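Please look over the sequence and the model before reading on.

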Amino acid sequence: MNRRYQLLNMTKAEILQALQKMSSDDRIEIAETALHLIREDRQKLERRREQMAEAAKAAIPDYLPGGDLANLWTEGGSDYTLDRDETHNVTV
């Protein structure tokens, strides 16, 4: 079993136990590295949220009256439902 696989399968209790056996310098290094990884993950998540918000705002005009997709939500708009026989021809 390789070392990375072993680390991935460690429980929190095992990790804490292993940390107790390390020097203070090693524990600080591990804590700093973990904090760095957490900050990177949060930054990526925030960027993704911002991108999604921008995309949602950019799509609003399409759903307003006169927009390309406005008829999807208005009474009397085109019927976009598919017949049962047509569904197998749909590609995404």
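## Basis and overall fold

Helices (H or I, at least four residues) and strands (E, at least two) are DSSP runs, numbered from the N terminus. The model is predicted, and local features need pLDDT of at least 70, side-chain atom pairs count only at pLDDT 80 or more, while totals for chains, interfaces and linings use all residues. Residues are numbered from 1 along each chain as its sequence is written, and side-chain values use heavy atoms, with hydrogens and water left out.

The chain holds three helices and zero strands, so that its pattern along the sequence reads α-α-α.

## Surface and burial

Of the chain's 92 residues, 3% count as buried, where buried means under 20% relative accessible area, exposed over 50% and partly exposed in between (1.4 Å probe, protein chains only). The accessible surface (Shrake-Rupley method, 1.4 Å probe; for residues, only the protein chains shown count as cover) comes to about 9,000 Å², and 53% of this belongs to carbon and sulfur atoms.

## Two surface patches

Patches are made of residues with over 30% relative accessible area and no salt bridge, with like charges joined within 9 Å and nonpolar side chains (Val, Leu, Ile, Met, Phe, Trp, Tyr) within 5 Å. A salt bridge is a side-chain nitrogen of Lys or Arg within 4 Å of a carboxyl oxygen of Asp or Glu.

The nonpolar patch consists of Tyr63, Leu69 and Leu72, which together have about 230 Å² of accessible area. Tyr63 lies in helix 3 (residues 24–63) and counts as partly exposed because its relative accessibility is 40%.
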